[in-house]
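Thank you all for coming.

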Amino acid sequence: MKALIVVAHPEPDSFTLALAAAGRLSLEQQGWEVAVSDLYRMQFKAVLDRDDFTTVSNPDRFNVSLEQRHAWSHQGLAPDVAAEVARLLATDLLILQFPLWWFAAPAILKGWIDRVFLSGVVYGRNAMFERGRLAGKRALICLTTGGPAEAFGPNGLYGEIDDLLRPLHRGVLGFTGMTVLPPFVCHDVPYAGDDARRDMLDRYRAHLNRLDTLEALAMPRLADHLDRLQPSLRRPAG
Ligand SMILES: Cc1cc2nc3c(=O)[nH]c(=O)nc-3n(C[C@H](O)[C@H](O)[C@H](O)COP(=O)(O)OP(=O)(O)OC[C@H]3O[C@@H](n4cnc5c(N)ncnc54)[C@H](O)[C@@H]3O)c2cc1C
């Protein structure tokens, strides 16, 4: 089984990188083959633009979805994108590892998603959720926050963590068909103290040791919504 850890943090000695290393070791000890995309060390370009493609479908107007589809079928992806798409398609388990920045993932990770989750390859107009092209793969978010757990609880100051993670859980991972496992969240990380942080690393290893027993998050089913969507969406998955 293959796992891909995509990690987004500018500091190599960060706690985020320590979590990524702990996760890698834990999975390898269970027999997983683990790849790590360390986006900052790779200097991964965060912005999707024309340079993502060596082919051109329409020189007059840049339509991202159409260029992605065209490039995919004509071997026209930029090498950094092509390499990450290959890693994504090969993996059985995707882990997104990041610190919460402004209630979201760092831009470099958002950019990885924008550039790598190709139209026509990982999703299509009627290939989403249970029909998404990444069905059969599992995904898990491991994140750190500066705020304490209470701030992310019911009626918390920042709002519930599930709400903050919905764009990734539902809008990216579930949308493309992946089975989304419960996130592992480390709160209060800068202020918790070394012992508490070491405990977080231990608990993360334990979380990964029971992957097969974790209950996946509920996701909507496209089939349950087809009647309410445009007629064009009701065609068979393409
Ligand atoms: C732009 C920006 C926006 C932010 N927005 C939000 C937000 O919206 N909500 C929110 O809650 N927070 C926010 N924060 C805070 C941020 O989420 C936290 O600072 C971050 O999650 C902490 O994780 P880290 O990996 O960066 O920790 P680090 O700062 O890298 O490390 C924390 C401590 O852990 C120590 N450490 C490193 N490795 C280990 C190890 N192996 N064992 C034990 N200790 C170790 C480090 O030395 C350091 O003392 C934001 C921060 C920034 C910069």
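I will go through the surroundings of the ligand and then turn to a pair of helices.

Please bear in mind throughout that what you see is a predicted model. Let me begin with the ligand, which has 22 residues around it, and among these His-9, Thr-16, Leu-100, Trp-102 and Thr-144 come nearest. If we divide the residues of that shell by class, we find 12 nonpolar, seven polar and three charged.

Turning to individual atom pairs, a backbone N or O atom of Leu-100 is placed 2.7 Å from an oxygen atom of the ligand, while for Gly-146 a backbone N or O atom lies 3.2 Å from a ligand nitrogen atom. Arg-197 takes part through its side chain, with a polar atom 2.9 Å from an oxygen atom of the ligand. Taken alone, the ligand would expose 1000 Å², and the protein buries 68% of that area. As for the elements that give two or more residues to the shell, they are α1, residues 15-29, and α6, residues 194-209.

Now to the helix pair. Helix α3, residues 79-90, packs against helix α4, residues 107-116, at an angle of about 85°, and their axes are 9 Å apart; α3 is therefore roughly perpendicular to α4. On the α3 side the contact is made by Asp-80, Val-81, Glu-84, Val-85 and Leu-88, and on the α4 side by Trp-112, Arg-115 and Val-116. By class, this contact has five nonpolar and three charged residues, with no polar ones.

Note on methods
Residues numbered from 1 in each chain as written. Predicted model: local features only at pLDDT ≥ 70, side-chain atom pairs only at ≥ 80, totals over all residues. Heavy atoms only, no water. Near = heavy atom within 4 Å. Polar contact = N/O pair within 3.5 Å; in protein donor to acceptor, adjacent residues only side chain to side chain. Areas by Shrake-Rupley, 256 points an atom, 1.4 Å probe, with all protein chains shown as cover. Helix = DSSP H or I, 4+ residues; strand = E, 2+ residues; numbered from the N terminus. Nonpolar A, V, L, I, M, F, W, Y, C, P; charged D, E, K, R; others polar. Axes fitted to C-alpha atoms, helices over the stretch in contact; angles between N-to-C directions. Parallel < 35°, antiparallel > 145°, perpendicular 65-115°, else oblique. Contact = heavy atoms within 4.5 Å.
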